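Here are some friendly notes to read alongside the structure. Please keep the model open as you go through them.

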Amino acid sequence: MGRLFWKLFAALFLALISTDIIVGNIAEWELNRKLVGYHEALHAASDQVKAQAPTQPSNELIAKTLSHEHLPLVFNLPVWVFVFGILANLVFASLLAWAIAHPIKLLLIHLKSAAEGDLLVRVSPKIKASYDEFSGLGQAFDLMALRLNNMIKSQSNMMHHVSHELRSPLARIQMAVGLAMQNPQKIQSSLQRVELEAVRMERMISELLEIFRFESDIHKLQKVEVDLQALLTGIVGDVLFEKHDAKIRLLMPDEPVILDGQLELLQRAIDNVIRNALKYGPVDGEVTIELQHSQRTGEIILEVQDQGQGVEPQELEQIFKPFVRGRRASQVEGHGIGLAMTKHIVEAHGGFVNATNLSPDGFMIRIHLPIQQETT
């Protein structure tokens, strides 16, 4: 047993002993008060008997005269009662001290383990049976350790991917600078290449930081009412402005579709999917975007279909991980971050996203979002 246990034990034992002494004094005071009343009643009864039978007073007559309510309770505590009281106080003080000190000792042990780098320790199963604040404290500790472990793991993976993905643009920048130094006439085109690579790196780092916030569970949504029809119309308009020959078919219900969400994040998630469909589909292919409002399931479904080759069946789930690209997409420029970002954003809004290969050709991304607020 640790020091905390003995401190709590001593405090509780002294508290119980003090309580016993106070209660005993109160009982003794009450007993004395009743004895005074008894003697007064006894004298009164004796005087009454003498008046009724002055020649033959008897104890029996006095006893009959006294009513039972005048008789005090006998309060005569033997030694074994005190011994039993002390033993009972010892037992209760020990149990109370153990109930408080034991969970704290377990938390301290696991905190030391976490401080040494073992963030997979779990303390809540060991103190869950207490069903009190200590149980909640253990669950909070486990949640903290889990989030710290996920954060560190995410940082490690992020550093690995970033160092790998930054090599290519940095190499192209070095080549452009070297070319400009060797041939000053090409300095303008070299500077344009440097600027292009810098923009790509800035965009990639920004998206990676966003993914890191989601994976670390530190991203807090700032929800507003989002009109998905207006959002889709705006995204498609931007895409067509940049790519005039793109073929996009937009299908939307007649009634407004509104949900609670963070506008810029939803815009980024949907924009990624639509631009991916245009990027990986055939040059003259058509992209179909269909927005559905399911009253039966209470969710909004957004489907984006292209006419490309799709991905390998075993890659359907992997493509939603950062820096993972399908084998067929290896010849297309990209970093494999867009779908990962979409997945995190959709899940942060309580939904989910999946991918499906269509027959005979085509690929579809389907986004499910729960309806937070419907229009009236």
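1. Some ground rules to begin. This is a predicted model, where local features need pLDDT of at least 70 and side-chain atom pairs count only at pLDDT 80 or more, while totals for chains, interfaces and linings use all residues. Residues are numbered from 1 along each chain as its sequence is written, and side-chain values use heavy atoms, leaving out hydrogens and water.

2. Start with the largest nonpolar core, which has 35 residues. A nonpolar core is a set of buried Ala, Val, Leu, Ile, Met, Phe, Trp, Tyr and Cys residues joined through side-chain atoms within 4.5 Å; buried means under 20% relative accessible area, exposed over 50%, and partly exposed in between (1.4 Å probe, protein chains only). Leu228, Ile289 and Ile365 touch the most other members. Among the elements giving two or more residues to this core are helix 8 (228-242), strand 5 (299-306) and strand 7 (363-370); helices (H or I, at least four residues) and strands (E, at least two) are DSSP runs numbered from the N terminus. A second, separate core of 17 residues includes Met158 and Phe212.

3. Now the charged pairs. The structure holds eight salt bridges, each a side-chain nitrogen of Lys or Arg within 4 Å of a carboxyl oxygen of Asp or Glu. Arg366 pairs with Glu303, their closest N and O atoms being 2.9 Å apart. Arg366 lies in strand 7 and Glu303 in strand 5, so this pair ties together parts that are 63 residues apart in sequence. Glu303 is buried, at 9% relative accessibility, whereas Arg366 is partly exposed at 22%.

4. Another bridge joins Arg249 and Glu286, with 3.6 Å between the closest N and O atoms. Arg249 is in strand 2 (residues 247-251) and Glu286 in strand 4, so parts 37 residues apart in sequence are tied together.

5. Which residues are joined by a cis peptide bond? They are Ser359 and Pro360, with omega about 0 degrees. Pro360 is found in the loop between strand 6 and strand 7. In general, most peptide bonds are trans.

6. The largest cavity has about 80 Å³ of space. It is lined by 14 residues, and those closest to its centre include Leu278 and Pro282.

Conventions: On a 1 Å grid over the protein atoms alone, a cavity is a set of points where a 1.4 Å probe fits but cannot get out, and a pocket is an open set with protein on both sides within 12 Å along at least five of seven lines; lining residues have an atom within 4 Å of a point. Grid points are joined across faces, edges and corners, and a volume is the space filled by probe spheres set on the points.
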